[in-house]
Amino acid sequence: MENVVELKGIKKAFKGFSIDQIDMEVKKGFITGFVGANGAGKSTTIKMMMNLLKPDQGEVSVFGLDYKTHEKEIKERIGFVYDANVFYEGLNLKDIKRTVAPAYKSWDDDLFDYYVDKFGLPLNKAMKKFSKGMQMKASLAIALSHHAELIIMDEPTAGLDPIFRREFLDLIQELMVDSNRTIFFSSHITTDLDRIADYIAFIQDGDIVFNHSTEEVAENYAIVKGELDLLDRDTEKAFVEVRRVPTGFEALTDNLKQVNDIFGDSVVIEHATLEDIMYYLKGGVSHV
Amino acid sequence: MFNLFRRDLILQKKMMLIFIPFILFFIIMGTSTTLIALVASVFIPFNAFYYDEKAETNILLNSLPYTRKEIVASRYIGAVVYMLLAIGLTSLLLLVFNQSFTLNEIAIGATMFMLFAALTFPIFYIFKPGYLMIVVLISFFVFLFIVENAIPYVMENFTTLTEFVLNLSTVELYVFGTLTILVVYGVSWLASTIIYQQKAL
């Protein structure tokens, strides 16, 4: 399977935060959800994918090209949406379009008009008078109007109301009708990703904990509940993180088969949502 | 890169409206031609920095298919283009208002602008945005003060340099001045490019 983005051996250190080693691929033609708590390194990783930040070490390649020699070619083919409005607030959408469109060779005015119409965006109103949802729609309309093959979004759903979030997710799915397209988006709202992502990349404290298809996650991860006396040093190895309460234990496994072999019917096994996984992994056991 | 100039003009179209009254004010106040040329030149390029001061603008420009080299180049080339336009317009206004001026005064104004731009542009790339405009405004007045006071001082105290300059013919003086300013401007351009390429956004 072809990779659109490849991060190899990425290291980046800041004051008080560092990315020690990130290796990650984004598969072509799929939606990859990038999940992690606030401050886990999602935005930093995205900035490195966009060449806004340079890694201290390691390689970033997009469409198989590197930024040193092909910066413009790469960015021609990327559409981006960030969590904050990056457009000049005093301008209306018509003028913003006039400043952005000429930057792209493949800008398509008809397509832009189509999205403006579809999203019900006013062309002559200053951006600062837009609601958060409208600003997101405007950014999205701009990101989608140059036939980008890769759409990178940093927390696009943050600050949006539930109804608009649902609309947004539907729209993302519509976009995937074009099989050449790849979408990579970060979120800390795990239900968004549960709903639409094909792949989940999970980052925690600057490390990629896993990058699997949603099926793989569902097949391997589960919440296991049982009596405390079932736990010993050996059986605990089947779990990523165990929480003990007086009435028994609750644990997260990333190896459902092993759990079935060890415990059989003596435990209750439940589907682990991304939120469960995040919650248990936050428990602090480092793990790859 | 042409698109980046166009962007400046779209961003500043409202500012353009006050450009002519702004210059007229200086003309009516009887300000020296050199200073008017300088102030008129400063108008658009420094406003452009002001508009782009927000960190998000850098994120936007760098996410679009532009290289950092181009973004810096558009500032340096743009400054010269806007300066020429501003000086053209100023000369026209001076003619309309029947004010006499010499090419020399204009040339000194342009030189001072380029020197000022060369000294301040790298600051925009070094520091984080926030108070840059204030820093630049203050440095503008300091710059004017230095130019007014230091030049007579240098002329009195460094006689060899003064004699060298005074002995140049007008043509030589122009060539010498132009070359000097081009070198300073070029070095500043190079420095800004290097600084911006290293910058984390």
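**A strand and its neighbours**

Mentor: Let us begin with a right-handed β-α-β unit in chain A of this predicted model. The unit is made by β7(A), helix α6 (residues 162-175) and β8(A).

Trainee: In which sense do strand β7 and β8(A) pair, parallel or antiparallel?

Mentor: Strand β7 of chain A spans residues 150-154. In the pairing, M153(A) has F185(A) of β8(A) as its bridge partner. The two strands are joined over 5 bridges, and their sense is parallel.

Trainee: Which residue of β8(A) stands opposite V35(A)?

Mentor: Strand β3 of chain A, residues 31-35, is also joined to β8(A). These strands run parallel, with 5 bridges between them. Opposite V35(A) stands S187(A).

Trainee: Are the residues that point to either side of β8(A) buried or exposed?

Mentor: In a regular strand the side chains alternate between the two faces of the sheet. Here T182(A), F184(A) and S186(A) point one way, while I183(A), F185(A) and S187(A) point the other way. The cut-off for a buried residue is 20 or more other C-beta atoms within 10 Å of its own.

**Domains and annotation**

Trainee: How far apart are the centres of domain 1 and domain 2 of chain A?

Mentor: The domain assignment gives residues 3-217 to domain 1 and residues 222-271 to domain 2. Taken over C-alpha atoms, the separation of their centres is 37 Å.

Trainee: What percentage of residues 5-230 of chain A is strand?

Mentor: UniProt, in an unreviewed entry, lists residues 5-230 of chain A as "domain: ABC transporter". Over this stretch the end C-alpha atoms are 44 Å apart. The chain there is 35% helix, and its strand content is 30%.

**The partner chain**

Trainee: How many charged residues has the side of chain A that touches chain B?

Mentor: In the contact between the chains, 22 residues of chain A meet 18 residues of chain B. Helices α2 (67-76) and α3 (93-100) of chain A each supply at least two residues of that side of chain A. By class, it has 13 nonpolar and 2 polar residues, and the charged residues number 7.

Definitions and conventions: Residues numbered from 1 in each chain as written. Chains lettered and ligands numbered in written order. Predicted model: local features only at pLDDT ≥ 70, side-chain atom pairs only at ≥ 80, totals over all residues. Domains from an automatic or database assignment. Buried ≥ 20, exposed ≤ 12 C-beta atoms within 10 Å, placed from the backbone. Helix = DSSP H or I, 4+ residues; strand = E, 2+ residues; numbered from the N terminus. Pairing = 2+ DSSP bridges. Right-handed = clockwise from strand over helix to strand, strands pointing away. Contact = placed C-beta atoms within 7 Å. Nonpolar A, V, L, I, M, F, W, Y, C, P; charged D, E, K, R; others polar. UniProt positions renumbered as here; feature names shortened; annotations may be inferred.
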